[in-house]
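Dear colleague,

Please find below the structure that I am handing over to you. My notes on what was found in it follow directly after.

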Amino acid sequence: MSRKMYAAAAIVALLVGSHGGWAADDVTANQLLKADSDPGNWLTHHKDYSAHRFSSLSQITKDNVKNLHVAWTLQLGGVEGGGIWSHGGLEGTPIVENGYMYVTDGWGSVYKIDTHHGEGKLLWKMDPKTDHDWAGAVACCGVDNRGVALIGDLVLSHSLDGRLIATNKDTGQIAWQRQVADPDKGEVVTAAPLVVKNMVITGVSGAEYGIRGWIAATDLTTHKEVWRTYTIPAKGEPGANTWKDNHDAMANGGGSTWVTGSYDPSSNTLFWGVGNPGPDWDSQYRPGDNLYTDSTLALDVDTGKIKWHYQHTPNDDFDYDSVAENVLVDAPVHGQPMHLDLEADRNGFAYAVNRDNGQFVWGLPFVKKVTWTKGLDPETGRPAEYDPKLDVQKYNAAVTPSREHPVTMICPGNMGGKNWPPTAYNPQDKIWYIPVIESCNRITVKPEDPSKPIKKREFFTGGGPTQPERITGSVTAIDVTTGKEVGKHETPYPMLGGLLATPDMVFYGQPDGKVAALDAKSLKELWSFNTGAGVNAPPMTFTSDGKQYIAILVGQGGAWDKWFIDGTPELKRIQPGSMLYVFSLN
Amino acid sequence: MAFPAMMLLGAFLLLNSVSAWAEPSADEGLHVFKSANCVGCHKWSGEGGGGYGGAAANLRRTALSLDQIEHTIRCGRPATGMPHFDPDAYSDGRCYGLKKAQMSAATMPPEPDHYLRPADIDAVAKYVVSHIKGKGPPTFAQCQAFFGDGTRACDVYEKTSDSSGAQAGASAGSAHQHLKIESAPDANAGK
């Protein structure tokens, strides 16, 4: 052993020691920090803390991908309905460590699968006995769960009914659990947990039910909550003056946080997206910019204190959440080295901001059609029509829904743009790929009455969308160094599952069952396979016994088939399902 | 020997008439309300309401008669989100005198997830009349009758509705877990 190696071993030993002496096989905080340079494993939700969803594995290449075929499949459960939902679906990203895979179904059951020897063997299933009707009645957008986090000998997961659950990795027994969210108030949890240091971080769903959103950190040793950051300020806190009504709209202001965030260890900062204000489509109920809805938040990870925020759609009238993952990229922009935070927003614009201070760097529309604004201010990135003197923003008044103009078509439609399905970033080419919903839809405003108390567990949306026009999709590529679009591969259906980037390809799934690979440069299709059910989850890749596999969960779920199916009528014939597909060469 | 045969025949007639004429039980109607996903749009209470999918009617406040309710379930309602549960609703003019050819994508009511047999339509229509129509604000007891006691779905009514409801809640020996939330103080307060 060289001197250097001794030193490295000593550091690892120290780190392991500081976390209670975990066994050799346990995932350490240090491993999570280096997850990007651990190509055989997929240790955290977005592959690494920067949310790149890029794997450097290169056994499967654009030259041999045509030989990719199903290696094995595994039937999962969780298709049953509950509350207002007729079935559950799969939105999760599988997590893989040393050939052992962990996936969840929509009701939060966790499955541990041994992928060695070229087959998938279920080792255990942890069923958290989620209260289907309690949670399913207040889940706006489906029976969903996006996966687990690993640390030590624990698998951490959420259940729709608001629990954080730690399961022993070897036995499948629940080690401890705590209630983090309250379905009595309309709060549910669908996001995968994020482990940072000795904490696990939870985001919440429920902005359609009058919640006040938050992000919470739980200590892994004491199982107690370390901090809780509300995404809507309380009276007297910074930002409270952006709620200018006189009926306490901020108490039910929405701002959910239902997509897992990212983390920059060099600045100790957590980046997390915040959803729409409530009520979604009655912006006159809540005059003001409505911070921190539709914003990216940069938080001190130890305290939860907000360092900066960047808001995309002030006084949103469209349901344009900014919950999307924040992709942390170091790249030169027009020759200038930058620490960037990239976000592809429901409002149809992709943004790069300086992640050290929240200053706008570049922005561009990534959808074919935007009607709500004529563009972004080149200095600030604000929508061009934004007027700080107005309490209620009008944007392009001809299409912006309002009490005076209650039925309008908006582009992009309220699902986006881009919804939760994650982007992927290729750090070698500095190209960022966005899974796009190319859409317009019709909004009908039904004003909420401020003199009536808000009913718990009832929709609080101020209207709703319908789908009179066909909705399609695309994979859109952006050169991060210029902020320009460099390619668009159009798809017949919207992107409801998300992307994986490899050195020379991009993988995606479609809600008609297709899984496909595109050439990273030309975006030409190289390979596809139809799974026969709806794909609603992102692909990922890993190695087992030294061999590369591509894995994807298949099972239509989410909001689409209940609320948006009229935009894609052919998808009505897709049946619910719950299956893991794993592909390999020969 | 004619006598026992007569008795058998009588019993047969009686049985037959029971199955032909008996009111569908509330259980059957409840079952259809859940399985045909009426609950997905109108909610368990029938209150329906706005939200993401547009407004389903409030069945607690419906002014329709049993016949009209049954008709609505069979035919759906043109140009709205209410599906037609009779597969042949627009084949021969039986619904509003309309046939498929006369209707556009915008006026045609949606297809349901699955169609219902006439007996199921009858059962669910009667359930709407006996358990939902005219019932006022939903109560804990009604909620529990819908979901059973294996869920916390009804807790919000337990806390807000009348004392009989609260007692029913307290005595429900349900298996579900009642974990409490212990949240940290607001991280951005007092700056």
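By class, the lining of the second largest cavity comprises nine nonpolar, two polar and five charged residues. Here Ala, Val, Leu, Ile, Met, Phe, Trp, Tyr, Cys and Pro count as nonpolar, Asp, Glu, Lys and Arg as charged, and the others, Gly among them, as polar.

Please note that this is a predicted model, in which local features need pLDDT of at least 70 and side-chain atom pairs count only at pLDDT 80 or more, while totals for chains, interfaces and linings use all residues. Residues are numbered from 1 along each chain as its sequence is written, chains are lettered from A and ligands numbered from 1 in the order in which they are written, and side-chain values use heavy atoms, with hydrogens and water left out.

Over the whole structure, the search finds three cavities of 30 Å³ or more. The largest cavity has a volume of about 330 Å³. Its lining consists of 32 residues, of which Cys140(A), Cys141(A), Trp258(A), Asn419(A) and Ala559(A) lie nearest the centre. The lining of the largest cavity divides into 15 nonpolar, ten polar and seven charged residues.

On a 1 Å grid over the protein atoms alone, a cavity is a set of points where a 1.4 Å probe fits but cannot get out, and a pocket is an open set with protein on both sides within 12 Å along at least five of seven lines; lining residues have an atom within 4 Å of a point. Grid points are joined across faces, edges and corners, and a volume is the space filled by probe spheres set on the points.

**Second largest pocket**

The second largest pocket holds about 1200 Å³ of space. It is lined by 32 residues, and Pro453(A), Lys455(A), Glu458(A), Phe459(A) and Glu47(B) lie nearest its centre. Helix α7 (residues 155–160) of chain B gives the most to this lining, with three residues; helices (H or I, at least four residues) and strands (E, at least two) are DSSP runs, numbered from the N terminus. The lining of the second largest pocket has eleven nonpolar, ten polar and eleven charged residues.

**Interface between the chains**

Chain A brings 49 residues and chain B 35 residues to the contact (heavy atoms within 4.5 Å). The area buried between the two chains is about 3200 Å², with carbon and sulfur atoms giving 52%; buried area is the accessible area (1.4 Å probe) that two parts lose on being put together, summed over both.

Three salt bridges are counted between chain A and chain B (a side-chain nitrogen of Lys or Arg within 4 Å of a carboxyl oxygen of Asp or Glu). A salt bridge joins Asp186(B) to Arg212(A), at 3.5 Å from N to O. On the side of chain A that touches chain B, α3 (132–136), β9 (174–179), β13 (225–230), β26 (463–466) and α4 (560–564) of chain A each supply at least two residues. Strand β13(A) gives the most to that side, with six residues. The residues on that side of chain A divide into 16 nonpolar, eleven polar and 22 charged.

**Within chain A**

Over all chains, the structure holds 31 salt bridges. In one between Lys197(A) and Asp302(A), the closest N and O atoms are 3.0 Å apart. Lys197(A) lies in the loop between β10 (194–196) and β11 (199–203) of chain A, and Asp302(A) in the loop between β16 (295–300) and β17 (306–311) of chain A, so the pair ties together parts that are 105 residues apart in sequence.

The peptide bond between Gly278(A) and Pro279(A) is cis, with omega about -5°. Pro279(A) is in the loop between β15 (269–273) and β16 of chain A.

With kind regards
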